[in-house]
Amino acid sequence: MSTLMDPPVDDTYRSLGYALKRAQQALRGHLDNKLRDIGLTTPQYSVLAGLEFSAGLSSADLARRAFVTPQTMQSIIATLERDGLIKRMAHPVRGRVLTTELTPKGRTALCAAHKIAGDAETIARNAVAPDNPEIIYAALLRIAEAMR
């Protein structure tokens with residue numbers, strides 16, 4: 001019997017792409033489970049975090065940053081707005097465009113979500129390079145850049 005760490009040599013799932021996807025799915029599943037406890041989904045957290053650093057983003061900008069379609073982003077925004085975590089208003093120059101900002105309730109939820117995400121990153125770092133987490137970041141960013 002093989003394990004994830006030591007699959008058989010002819011295992012068709014022993015590839016870098018598969019390993020990256022497994023890691024991404026594990027991280028996403030962990031975040032989904034923990035964020036659910038505070039009433040958020042991972043994409044909703046992504047939107048709130050994006051607004052923290054760039055208030056006033058349009059739905060299209062938020063969709064690109066959260067890796068979701070514009071249609072999916074509309075649903076996410078509607079839910080966050082309904083729950084009082086964000087507010088939307090007309091863009092000061094481009095009147096048909098709506099900008100989005102965090103509400104105080106959204107900032108509180110985001111603070112709790114940041115803690116959850118930070119704990120997940122600590123688990124990931126400790127699994128690979130607890131003494132030098134920069135190794136992980138650098139390697140993943142090099143892979144992303146090489147694939148462009």
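Leaving aside its neighbours within four places in sequence, with which residues is His30 in contact? They are Ala120 and Ile123, where contact means heavy atoms within 4.5 Å.

Before I continue, a word on the basis: this is a predicted model, in which local features need pLDDT of at least 70, side-chain atom pairs count only at pLDDT 80 or more, and totals for chains, interfaces and linings use all residues. Residues are numbered from 1 along each chain as its sequence is written, and side-chain values use heavy atoms, with hydrogens and water left out.

His30 sits in helix 1, residues 16-36; helices (H or I, at least four residues) and strands (E, at least two) are DSSP runs, numbered from the N terminus. Between His30 and Ala120 there are 7.3 Å in space, C-alpha to C-alpha, although the two are 90 residues apart in sequence. The relative accessible area of His30 is 27%, so the residue is partly exposed; buried means under 20%, exposed over 50%, and partly exposed in between (1.4 Å probe, protein chains only).

Helix 1 also holds Leu16. Leu16 is exposed because its relative accessible area is 55%.

I turn now to Thr100, in strand 2, residues 98-102. Is Thr100 buried or exposed? Its relative accessibility is 0%, so Thr100 counts as buried. Not counting residues up to four places away in sequence, Thr100 touches Leu51, Ala55, Gly56, Leu57, Leu62, Ile86, Lys87 and Arg88.
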